[in-house]
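Please look at the structure first.

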Amino acid sequence: DNVGIVTHMLSYSWGNTLDDLVQSLVGFCETHCLNTKHTYIWLCCLCRNQHRSMNTTEQRQQDEEKFITKYLIEEQIVDIHNILALIIPPWNTTPIYLKRAWC
């Protein structure tokens with residue numbers, strides 16, 4: 001229990017709180033009658049620190065980033081077929097998630 005192959009990937013914005021993430025995932029599992037002990041969510045913040053070498057110019061760290069992105073990230077998430085988008089109000093403005101680069 002509580003460990004297994006990823007079943008879902010959560011796409012969210014860095015402006016969301018941990019409470020937002022937890023409540024949304026629990027609500028998703030309840031709504032879809034999923035067992036929380038057997039539903040495995042990919043959260044990039046727990047799998048890879050995207051801030052770590054974002055501003056560095058050192059070649060070693062750039063090479064490490066390329067390796068991590070290509071082999072450890074892309075190959076892991078390519079088989080995840082259930083993508084969840086966390087879009088949280090307020091609805092009187094554009095939700096943070098919809099301001100992301102690919103939206």
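Q: How do strands pair, and over how many bridges do β1 and β2 pair?
A: Strands of a sheet pair through backbone hydrogen bonds, either parallel or antiparallel. Here β1, residues 8-11, pairs with β2 in the parallel sense over 2 bridges. Two strands count as paired if DSSP finds at least two bridges between them. Strands (E, at least two residues) and helices (H or I, at least four) are DSSP runs, numbered from the N terminus. M9 stands opposite W42 in β2.

Q: What should I know about the model?
A: This model is predicted: local features need pLDDT of at least 70, side-chain atom pairs count only at pLDDT 80 or more, and totals for chains, interfaces and linings use all residues. Residues are numbered from 1 along each chain as its sequence is written, and side-chain values use heavy atoms, with hydrogens and water left out.

Q: What is the strand order of the open sheet?
A: The order of its 3 strands is β2-β1-β3, with parallel pairing. β2 (41-42) and β3 (83-85) each have a single partner strand, so one side of each is left without a neighbour in the sheet.

Q: How far is V26 from T36?
A: Their C-alpha atoms are separated by 7.6 Å, although the residues are 10 apart along the chain.
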